[in-house]
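Here is a short briefing on one model.

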Amino acid sequence: MAKDILSNPVRLTALVDALGEALAGQGCETVTELGEVTLIVPSERLTDVAWVLRDHPQLRFEQLIDLCGVDYAAYGKSEWTTEEASTTGFGRGVDRDQELAVDDPKRFAVVYHLLSLVHNRRVRLRVYAGSSQPMVDSVVPVWASANWFEREAFDLFGILFRGHPDLRRILTDYGFVGHPFRKDFPLSGHVEMRYDPEQGRVIYEPVSIPPRVLVPRVIRADSRYVKTGASSESADA
């Protein structure tokens, strides 16, 4: 679809115009990039906008393809970079004191991918959910397929969905501590589990693995990373 829109910008313009006309006064922002349309929706208007997107005759986005959570706390940042790395040592190029934007009101977002079978169009929604206790309205009444998607976003990111019929963990254990896809969640987790033969059951214990940054030990002279005309000496570096 993206390729089709890139080759036919008239379709892109028609979609943007239809969204602007149908959602006038809803406070939405439309972003077009790489042949795709992203609609940024205020969280308090999500349900109203969702019904319009599904039922308006010029839109008819009747199918929810995907829904996921996003944590922007470390957006554009990296713990290590090979561009500034030396050829020796394990901790080269590592930023161990990375600052995360944990209090940013736009830290968490929910992203929805919608499909209109009638008009052969796609659109992406982005709704910012807050930081300390992220929450948006559930869209299950609009698109029933959002049920397990919202449970997954709650489980992995801790995003709450107001009005969800059965909001509980779907991938992790019921006693799991924290939300593993958050950028401030430790790589090794908070607890570890093992089977205790004396007690005859699985028990939880504090993590015994020290926190560390995963940095490649060797940058190999791989042809995928060697520029044309580069010497073997620079490639080995």
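Cysteine 68 is partly exposed, with a relative accessible area of 31%. The model is predicted. The points below are grouped by topic.

**Cysteines**
- Cysteine 28 also counts as partly exposed, at 24% relative accessibility.
- How many disulfides does a search of the whole structure find? The search returns zero.
- A disulfide would need a pair of cysteine sulfur atoms within 2.5 Å.

**Helix α2**
- Helix α2 covers residues 9–22, which makes 14 residues.
- From first C-alpha to last, α2 reaches 20 Å. That is close to the 20 Å expected at 1.5 Å a residue.
- Which residues of α2 are buried? They are Leu12, Leu15, Ala18, Leu19 and Ala22.
- Seen down the axis of α2, these buried residues fall within an arc of 130°, so they line one face of the helix.
- An α-helix has 3.6 residues a turn, so residues three or four places apart point the same way.
- Val10 and Glu21 are exposed, on the other side of α2.

**Positive phi in loops**
- Leucine 34 is not a glycine, yet has a positive phi of about 55°.
- Leucine 34 sits in the loop between β1 (29–33) and β2 (36–40).
- Is leucine 34 buried or exposed? Leucine 34 is exposed, with a relative accessible area of 68%.
- Asparagine 120 is not a glycine either, and its phi is positive at about 55°.
- The loop between β4 (108–116) and β5 (121–130) holds asparagine 120.
- Asparagine 120 is partly exposed, with a relative accessible area of 44%.

Technical notes
Residues are numbered from 1 along each chain as its sequence is written. This is a predicted model: local features need pLDDT of at least 70, side-chain atom pairs count only at pLDDT 80 or more; totals for chains, interfaces and linings use all residues. Side-chain values use heavy atoms; hydrogens and water are left out. Helices (H or I, at least four residues) and strands (E, at least two) are DSSP runs, numbered from the N terminus. Buried means under 20% relative accessible area, exposed over 50%, partly exposed in between (1.4 Å probe, protein chains only). The expected span of a helix is 1.5 Å times one less than its number of residues. The arc is that of the directions from the helix axis to the C-beta atoms.
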